[in-house]
Amino acid sequence: MTTEPTIPAEDPARIRADLITGIVLVGLGLVVTYLSWTMDRLEVRRIHPSTIPGLVPIILGVALTLCGGLLAFRSARLDTRHAGAALVRVLVSWQSVRVLAVLGMALVYTLGLVGRMPFWLASALFIFTFITLFETVLADRPKSLPWTLFWALVVALGAGLGIHYVFGQIFLVRLP
């Protein structure tokens, strides 16, 4: 007597999360692909087409788009009855507040700090703010403020100066 293997029922919350994640990955992959395609190809410097700066990012963008599409397609096939309500719940959740905080900090860092002050200082300020915010205000179990400030200062200065040294002195990359 043979029995067919049973397929466990999929968790509806996981299916919705997979659908939302797949859609986000497709969007991100398309943006990366477009920006890579429009990147300078450096023909004036007689750069061989197989070594253009956007080659690896375009391959990664296409792969991200395909993987995100497969994830979204699979989860859409399984269950889409409550995808809209799940999306609203995700957008008003505590996790979305954290994501928006990271996005806001990244924008302030890239558009406001980098280029207006030494790179090591801009990076140290970003790291200090990130650690302080996520260890105290946005933490599930906040740590003590004095200890967090001390730890954030040590890590931020070490990382900021370390990044500056490694990229500027070892890899010889001109930092902004």
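Q: Is Arg-74 buried, partly exposed or exposed?

A: Buried means under 20% relative accessible area, exposed over 50%, and partly exposed in between (1.4 Å probe, protein chains only). Arg-74 has 30% relative accessibility and therefore counts as partly exposed. This is a predicted model, in which local features need pLDDT of at least 70, side-chain atom pairs count only at pLDDT 80 or more, and totals for chains, interfaces and linings use all residues. Residues are numbered from 1 along each chain as its sequence is written, and side-chain values use heavy atoms, with hydrogens and water left out.

Q: With which residue does Arg-74 form a salt bridge?

A: Side chains of opposite charge can pair when their charged atoms come close. A salt bridge is a side-chain nitrogen of Lys or Arg within 4 Å of a carboxyl oxygen of Asp or Glu. The partner of Arg-74 is Asp-18, at 3.8 Å from N to O. Arg-74 lies in helix 2 (residues 55-78) and Asp-18 in helix 1 (residues 12-37), so the pair ties together parts 56 residues apart in sequence. Helices are DSSP runs (H or I, at least four residues), numbered from the N terminus. Asp-18 is buried, at 14% relative accessible area.

Q: How many salt bridges are there by this rule?

A: The count is three. Among them, Asp-140 meets Arg-98 at 2.5 Å, N to O. Asp-140 lies in the loop between helix 5 (119-137) and helix 6, and Arg-98 in helix 4 (residues 94-113), so this pair ties together parts 42 residues apart in sequence. Asp-140 is exposed at 62% relative accessibility, whereas Arg-98 is buried at 18%.

Terms used: Helix = DSSP H or I, 4+ residues; strand = E, 2+ residues; numbered from the N terminus.
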